[in-house]
Structures are given as structure tokens and as C-alpha cells.
Amino acid sequence: MTLPLGPSTPAASAPSQPSAGWASWILVGLALAAAVVLGLTLGTTAPEETPVAAGGDTRTVEVSMRDMAYHPDVIEVPAGTHLIIELHNDDDMRHDLQINDRRAALVDPGDSLTFDAGVVSTDTEGWCTVAGHKAMGMILTVVVVDAHQHGAADTADTAAPATPATAEVHDAALPPAPEGTVHELEWSVTEEIREVAPGHEQVVWLFDGQLPGPTLRGKVGDTFRLTLHNDGTMGHSVDFHAGEVSPDAPMRTINPGESLVYEFVARRSGIWMYHCATAPMSLHIANGMFGAVIIDPPDLPPVDAEYSLVASAVWLGERDTGADAARVSDGPYDHTAFNGYPHQYVDAPLRAAVGDTVRFWVLDVGPDNPVSFHLVGEIFDAVFSEGRHLIRDATDTGAQVLPLLPAQGGFVEVTFDEPGTYTFVNHVMTDAEKGQRGQIVVG
Ligand SMILES: [Cu+2]
């Protein structure tokens, strides 16, 4: 989702062999840094005084407008770069781009234009000026990096794996329950920097390094035994809705460096929330401490594919502190998400074949917003929610939504009779527009 643009020196384009390994990348980064330092030493002008001369180059970037977003939506350039954008409208409605006090003309669907965005000297943000499009996420971020830092950033994936530059798509495919009736788990709670929305990285608090936390699956009567280590910097805990236990000991908050064992027997089927139960819970959930436990109903029929979608809200905050506690308490969130990242299944749709019956398990972890789960172009043949089938094997009726309040979950089943691109949304429309929206392509 980020398009880094390095300086057009031989050193920057040299490392093309995939077998070079991280050590070679670091060497290349050092060589690039040395070349930049040498260049600055020999140069006659200080880059901070004349940014145009320092960066100097003209860069042309291809940007596609589709699905109410710019692709890529983050561009990195050295300070002083003269930025030219080849703007392609691959959407079915008109869009434009305003950035750097300049505005491109409206582009018709299928058309392109060349837009001179001027010289970029500081981080800046562009957007589509058509009514409502910026609010729906049509934002293009230009990040200024200096050539030296940028050379090092190229090696970030290997040099600093705990801080990825961009979010990876969370695999929504749900595998069957593992064999056995006792599930032994060992998780660490960590606090890590992740991309939580396009162009925005901040610290998140994670179960087992995952956002959402691991999806557990079993059968009625299975035992789950979790050893939880707190490797974070503050107190954390866990509360599994799937079990019935006296909360006092297993749900207690443990301090950094401490561990606890939480054991429960899953006597009841459904999709159940788990979350950190340390106060303020809204903040611990907002920062990523949530997940799902799926206990199969005994009569669950086989289907062609199963997906799990955990719906949550995202509050942006400072990189090192994460979601802002006061803003979480106030309520209004910046984004919503299925499986932790806004709109990720628009960019990387789920897949199915014509004739497939697909089951979507959906859990709303809130912390506050309800979910009205809907699939555009389809009607649900089966709806299971909170312990009972609302509908099953429907032929002359059906359901249009699976309604969920925070901490409720269920599943729906649908059979795709025609090929196409089907969009699933939270039909609380503004929450769909904030990120609870994805696609399944039926081919
Ligand atoms: Cu916590």
C-alpha cells in the first residue's frame, strides 16, 4: 500500500537479486548512505536551505483511483522532489485530486491525465474534492524522506521485522477445528507498532502478536488451557466468553513479566468473544486486545468454505501510545474494520466459486458500535445467532442481515448462484464507509 521512491542512483536500483540476503541489503544501504554523504560533502549548497536543489529530481508516479481510494495511497519521496502524478480513473464515477495547493481536473471513468503536483518539501495530504469522497477515504499521503534514510528504509523488512512498513492482509479463511479435545495454548501479550489504517502506524496491544488475536475453534465439551505471559509494559488480562468460570483468578490483571493459566471447558456452541479485561476495557479492546472462539454446533453441516470476520473500531493516536484514551472514551472512532484493518478485503477480496455454499462467522467486538452484517446481492439461507438458528435451509424466505450488538456473534450461510463481485458490509452505512466493508469475488 506504500510506494517508496528512492533516488535514481545506481546504488538504489542495484539490489535486484532476491538471493542477496539481508546482509547484502544492509551493505547496499551503507553504500548508499556513504554515497549520499559524499555527495553532500562535495556539493556546494546545503539541502535544508534549498530543498529543490537537494532532492532535485522529477518523479512520475502512477496512481489509480478505484473503490473510493487512491492506489497507492502513500508515496514516499525525498524532499525537493518535483512530483508528477499520472492519474488513472479506474472507478465507475468521476474523481479528482487536490494536493499541495493544486487541483487536478475531474477525471471521467476510464480516463487518465498527467497532473503536476509541484515540488514536495514537507509531508502533505491530498484528497478527492467530490462531495463525501474524502470522508470515505480518498486520501493520498505524500511522505518526505531524505535520501539517506530512505536507503536504510529499503532494508526495513529484514532489519526490523517487528515494525513492518505496511499491514499484511489478515487471512479470513477459517480452518476446521483441530483434532483432540484439549487445546493447550501459550500466548504472549506484546505491544508492537503496526499499520492500523492507510499511512498510519501506531502501537497496538496484541494477544500472540496477532490482530485480531488467534481464532480458536473446537467442539462442545473441549477444554482450552491457555498460559498467558505479559511481555508488555502495563497490566493486561483475558476474559473468554466461551467458558463459565469464576472470574476472580483467571481474569485477574497480571503485571509485566507475570503469567497466568486460564482454563475453561466450552460447553456451549457459538462464536464467542474474548478480550483483555483490564480497565479501561474500551481502550484495551480499541488497541487490539480481542479475538474469537468458535465452538461448532453438533449438527453443523459441511460447506464449501468458511470465513471469520471480527468487526472492530479503530481510533488513531500517536505512534508510541496508540489509541487516545480520551478520544476512545468520547466515542467517535476514525475507522472501522473487519479483522483489524479498514477495507482490507476490498483490496484483497475473498474468493468463492459459482455454486459454493459459504459460511461467514461474524463477531462484533465493538467496543461500542453495532453491526448489521449484509451481503449485497444475496439473501442468507441460514442465520445462527447467540445460541439458536433464526433461519435454516430457507428457500421461500431468508434474511438480509445478521444483527449484532457488541460482544454478539453468529454465522450466516449463502449459496452463490451467479459469478460476480459481492460486497459484504456493516449496513450501519457510515460504519461501512469507515472500513467495515469487503468483497468476495465469485468466479
Ligand atoms: Cu490489556
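Donors are N, O and S atoms within 2.8 Å of the metal. The model shown in these views is predicted.

**View 1. Four residues hold the copper ion.** The copper ion is coordinated by His236 through ND1, Cys276 through SG, His284 through ND1 and Met289 through SD. These contacts span 2.0 to 2.6 Å. Along the sequence, the donor residues follow the spacing H-x39-C-x7-H-x4-M. His236 sits in the loop between strand S14 (223-230) and strand S15 (239-240). Met289 sits in the loop between helix H6 (281-286) and strand S18 (290-296). The pair therefore ties together parts that are 53 residues apart in sequence.

**View 2. Angles around the copper ion.** The 4 donor atoms subtend angles of 85 to 138°. A tetrahedral site needs all angles between 85 and 135 degrees. The arrangement here is irregular because of its angles.

View 3. His236 has a relative accessible area of 0%, so it is buried. Met289 counts as buried, at 0% relative accessibility. Cys276 is also buried, at 0%.

View 4. Strand S9 covers residues 124-127. Thr124 and Gly126 point to one face and are buried. S9 pairs with strand S10 (residues 139-145) in the antiparallel sense, over 4 bridges. Val142 in S10 is the bridge partner of Thr124.

View 5. A disulfide is a pair of cysteine sulfur atoms within 2.5 Å. By this rule the count is 0 disulfides. Cys128 is buried, with a relative accessible area of 2%.

Notes: Residues numbered from 1 in each chain as written. Predicted model: local features only at pLDDT ≥ 70, side-chain atom pairs only at ≥ 80, totals over all residues. Heavy atoms only, no water. Donors = N, O, S within 2.8 Å, 3.2 Å for Na, K, Ca; no water. Tetrahedral: all angles 85-135°; square planar, octahedral: opposite > 155°, others 65-115°. Helix = DSSP H or I, 4+ residues; strand = E, 2+ residues; numbered from the N terminus. Buried < 20%, exposed > 50% of the residue type's maximum accessible area, 1.4 Å probe, protein only. Pairing = 2+ DSSP bridges.
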